[in-house]
Amino acid sequence: MATLLMIESWLRSTGEALPPLLGDLGHDYVLLTRDPALYGAGGPAPHPALAGAADVVVVDTNDTAAVVASAAALAAGRRVDGVLTTCDHYLVAAAAAAGRLGLPGSPPQAVARALRKHEVRAALDAAGLPRVDHAVATSLEGALSAARRIGYPLVAKPVDLNAGTLVRRVDEEAHLKDAWRAISGHVRNTRGQRVAGVVLLEEALVGVEVSVEAATVDGRTTVIGITDKSVTGAPAFVESGHMFPAALPAAAADEIARFASDAVAAVGLRHGLSHTEVMMTSCGPRLVELNPRQGGGHIFDLLHLVSGTHPLRLLVDLALGEEPVLGTAAAPLATAAVPGGSAAVAFVIAPRPGRVTAVDGLEHLVTDPRVHRWALPVPADAAPAVDNESYLGHVVAVDADGGGARAAAERLVASLGLRYADGATATPLPVALT
């Protein structure tokens, strides 16, 4: 049995799945958090990150030096075998703590670079990889000037936020002014950390968007799989669904995999998981974003169901300095449910905000044999569809015989009816898994 330090956690998806998986593997962990109440401390149903912890240490996790000092103090009194986190905002702190304890991890400066989108662009340019025209704007005048040079349409995004927060397609100057005001006026992220308020402008890419899940050990990157993606909520880019494996010709998949591996190397990541979003354009693969962590949005479920590889198991292996186990070599945690088939997740996104009190059509989710799992807790307050925090729930569907999981997920979500407190009924936003 190993003991790990968990530096905070996401509340959904990977944050819910990792704690029980650690238990299944026979490991325990100490949760470092600045606020146990975030995980339901004292409430009737604490979050799995809190409920599964062998111990909880309260420390200002927004202060990396404090995290490193706390980790060193813990290691002085008990064995610590690895450091990890599922939450983007604490990846640098986890890397710094691992480095201080002499445990596996990427250099903290490389992780920090990977979390700043403009620095990723600069790193890829320096490495000579195919580039996306872009500019960094620290003033509205600079943004307008850059937009005139790049040309509309373009994409405006914060350099240091996640989950699609404030990412917008910009088709004209008025839209750019709105995006600038929103991004430059955003002061803190969801965990209270200050953000730069700097705008990255990029040419709008056209093509098929996929994500590449990979594991890197001693600078050698192995691609685990390629997952497709759909988006909705224009002009926002809300991820409405994923399917694994992506329906790509073998040559295109190989080209995308090589490009993603080169991007990871260009940023300087040497150890850990990566989730690289790539647009396959008519001119070849181009980077959308690179993330130095596992894929979210239940992508780990899809890979596990089809390939047998569990990305969160790899996260643990890498934190412990063990060779990652790929495929079906470590049953039952790496058992493929639909080998040779497909798996897809479709998110339930309300077409407008409001109180959703009930959902019609849930019987389809209960009786359809293609449904692997679903979650749709109501009543709930539907948020505007502006980022990946807008989900009401999700449906995971499988097709054991081929690539039909996406169609199944799409039809299942489309069959639901959202009942609002004001008496209205609406269909979720289209999944459009294409």
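Q: How do I read two helices that cross: within what distance do the axes of helix H3 and helix H4 come, and at roughly what angle do they cross?
A: Axes here are lines fitted to C-alpha atoms, for helices over the stretch in contact, and angles run from 0 to 180 degrees between N-to-C directions. The helices and strands themselves are DSSP runs (helices are H or I of at least four residues, strands are E of at least two), numbered from the N terminus. In this predicted model, the axes of H3 (residues 64-77) and H4 (residues 91-101) come within 9 Å and cross at roughly 40 degrees. H3 and H4 are therefore oblique to each other; angles under 35 degrees count as roughly parallel, over 145 as roughly antiparallel, 65 to 115 as roughly perpendicular and the rest as oblique.

Q: What is the handedness of the crossing of H3 and H4?
A: A crossing is left-handed if the near helix is turned anticlockwise from the far one by less than a right angle, and right-handed if clockwise. The crossing of H3 and H4 is right-handed.

Q: Which residues in H3 meet residues in H4?
A: Contact means heavy atoms within 4.5 Å. Thr64, Val67, Val68, Ala71, Ala72 and Ala75 of H3 meet Ala93, Ala96, Ala97, Arg100 and Leu101 of H4. Take Ala72, for example: leaving aside residues up to four places away in sequence, Ala72 touches Arg100 and Leu101.

Q: What should I know about the model before going on?
A: Residues are numbered from 1 along each chain as its sequence is written, and side-chain values use heavy atoms, with hydrogens and water left out. Because this is a predicted model, local features need pLDDT of at least 70 and side-chain atom pairs count only at pLDDT 80 or more, while totals for chains, interfaces and linings use all residues.

Q: How do I read a sheet, and what is the order of the open sheet of four strands?
A: Two strands pair if DSSP finds at least two bridges between them. The order in this sheet is S5-S8-S6-S7, with antiparallel pairing. Strand S5 (134-137) and strand S7 (168-170) are the edge strands, each pairing on one side only. On average, neighbouring strands of this sheet are turned by 25 degrees against each other, direction ignored. Between S5 and S8 (residues 199-203) there are four bridges, and Ala137 has Val199 in S8 as its bridge partner.

Q: Which helices lie across S5, S6 and S8?
A: Helix H6 (residues 117-126) does, running at about 45 degrees to S8. Helix H7 (residues 140-150) does too, at about 170 degrees to S5.

Q: Which strands stand at the edges of the open sheet of eight strands?
A: The order of that sheet is S13-S12-S9-S10-S11-S14-S18-S16, with antiparallel pairing. S13 and S16 (371-375) stand at the edges with a single partner strand each, so one side of each is left without a neighbour in the sheet. The twist averages 25 degrees from one strand to the next. Inside the sheet, S11 (residues 238-244) and S14 (residues 342-349) pair over four bridges, with Met243 opposite Ala344.

Q: How do I read the span of a helix such as H9?
A: The expected span is 1.5 Å times one less than the number of residues. Helix H9 (residues 250-267) has 18 residues and reaches 26 Å from first C-alpha to last, close to the 26 Å expected. Just after H9, Gly268 takes a positive phi of about 100 degrees.

Q: Which residues of H9 are buried?
A: Buried means under 20% relative accessible area, exposed over 50% and partly exposed in between (1.4 Å probe, protein chains only). The buried residues of H9 include Ala252, Ile256, Phe259 and Val264. Their cover includes H5 (108-114), H6, S9 (208-217) and S10 (220-232).

Q: Is Ser13, with its positive phi, buried or exposed?
A: Ser13 has a positive phi of about 50 degrees although it is not a glycine. At 12% relative accessibility, Ser13 counts as buried.
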